[in-house]
Amino acid sequence: MICVDNMLTGSPANLEPSRSFEGFTLLEKDITAPLRVEEPVDAVLHLACPASPMDYMKWPLETLRVGSVGTQMALDLAYEKGARFLFTSSSEVYGDPLVHPQPETYWGNVNPIGPRSSYDESKRFSEALTVAYRDSRGIDCRIARIFNTFGPRMRRDDGRMIPTFINQAITQQPMTVAGDGKQTRTLCYVSDTVEGIMRLLDHPERVLSPVNIGGRREMNVLETAETIKRFANSSSPIKFIPRMQDDPQVRCPDLTLAGSILGWAPRVRLEDGIRKTIDWFSNSQTRV
């Protein structure tokens, strides 16, 4: 197993449990540079990209580059090795959706020049490039569209909703809710996301459509903040702040395809996942 990461938003500490795996190798390098691998490769999984709005707005050029050049480099490696290829796309390809819940057949409502565009369009371009390699070079490619994954080992300053609310709650800071908090998200605990990705990767037949991987329970942002506050036994006040431009009003996956093709559905209850994540943050005060 070879892991390639330039640590732009990651941490070597998160990979410590993997170092005990037989044959595990970490290459601290950027996937936008050519990657030479001498040994055989069975599968290439391309998960690289800043995922938090705070990060991809800070590094828009790097985000666009990893979704274009980086995707091409990963596809070239898969083609060279005759390997299966899996790309982790995002619910952001749907933008601020006008169809709800979002099926894989929905083309989305994306602002191509808005503040979120570096991430949204990099994912959309990566999907197009993946399909082009599949159709022109015969690579066995799969695309997973990930919806709002959360869990332990997220950065305290990640900027996304769950780590932000948890950090604010356990440190008794005001919990910052964007807008009126009525916009919805559908959260998926990390172990369920990983299982969905691996089922898609291991499916014995070619999967031509992207597949949504996400949670079932839709919850608005204010309710999420209040739930975390309650579970963390926090006295933090709720503070409303301006809402970001192009912030989606609703976000919920149609999981019909994942169920019918992969036999997959999320299993971890949202409340259980939130409690596990709060416990990790509470017991990892010194970690970033």
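1. **Ground rules.** This is a predicted model, in which local features need pLDDT of at least 70, side-chain atom pairs count only at pLDDT 80 or more, and totals for chains, interfaces and linings use all residues. Residues are numbered from 1 along each chain as its sequence is written, and side-chain values use heavy atoms, with hydrogens and water left out. Helices (H or I, at least four residues) and strands (E, at least two) are DSSP runs, numbered from the N terminus.

2. **Helices α3 and α4.** Helix α3 covers residues 69–81 and helix α4 residues 117–137; they pack at an angle of about 25°, with their axes 10 Å apart. The axes are lines fitted to C-alpha atoms, for helices over the stretch in contact, and the angles run from 0 to 180 degrees between N-to-C directions. The two helices, α3 and α4, are therefore roughly parallel to each other. Angles under 35 degrees count as roughly parallel, over 145 as roughly antiparallel, 65 to 115 as roughly perpendicular and the rest as oblique.

3. On the α3 side you will find T71, Q72, L75, D76 and Y79, which meet S126, L129, T130, Y133 and R137 in α4. Contact here means heavy atoms within 4.5 Å. By class, the contact of α3 with α4 has four nonpolar, four polar and two charged residues. For these classes, Ala, Val, Leu, Ile, Met, Phe, Trp, Tyr, Cys and Pro count as nonpolar, Asp, Glu, Lys and Arg as charged, and the others, Gly among them, as polar.

4. **L75, a residue worth a look.** L75 sits in helix α3 and, at 0% relative accessibility, counts as buried. Buried means under 20% relative accessible area, exposed over 50%, and partly exposed in between (1.4 Å probe, protein chains only). Leaving aside neighbours within four places in sequence, L75 is in contact with F85, L129, T130, Y133, I139 and C141. The C-alpha atoms of L75 and F87 are separated by 9.4 Å, and these residues are 12 apart along the chain.

5. **Helices α7 and α9.** What is the angle between helix α7 (residues 221–231) and helix α9 (residues 270–282)? They pack at about 55°, with their axes 10 Å apart, and α7 and α9 are therefore oblique to each other. The crossing of α7 and α9 is right-handed. The residues of the contact of α7 with α9 divide into four nonpolar, one polar and two charged.

6. **Aromatic pairs.** Rings of Phe, Tyr and Trp (its six-membered ring) pair if their centres lie within 6.5 Å; planes under 30 degrees apart count as stacked, over 60 as edge-to-face and the rest as tilted. By this rule the count comes to five aromatic pairs. One of them is Y94 with Y106, a stacked pair at 6.0 Å centre to centre and 15° between the planes. Y94 and Y106 are each in the loop between β4 (84–90) and α4, 12 residues apart. Both Y94 and Y106 are buried. The rings of W280 and F281 have their centres 5.3 Å apart and their planes at 85°, so this pair is edge-to-face. W280 and F281 are buried. Y94, Y106 and F147 form one aromatic cluster.

7. **N6.** N6 is found in the loop between β1 (2–4) and β2 (25–27). N6 is partly exposed, with a relative accessible area of 38%. Not counting residues up to four places away in sequence, N6 touches K29 and D30. The C-alpha atoms of N6 and I31, 25 residues apart along the chain, are separated by 7.9 Å.

8. **Backbone points to check by eye.** A cis peptide bond joins H100 and P101, with omega about -10°; P101 lies in the loop between β4 and α4. Q172 has a positive phi of about 60° although it is not a glycine. Q172 lies in the loop between α5 (161–170) and β7 (175–178) and, at 39% relative accessibility, counts as partly exposed. N233, also a residue other than glycine, has a positive phi near 50°. The place of N233 is in the loop between α7 and β12 (238–241), and N233 is exposed, with a relative accessible area of 70%.

Conventions: Left-handed = near helix turned anticlockwise from the far one by under 90°.
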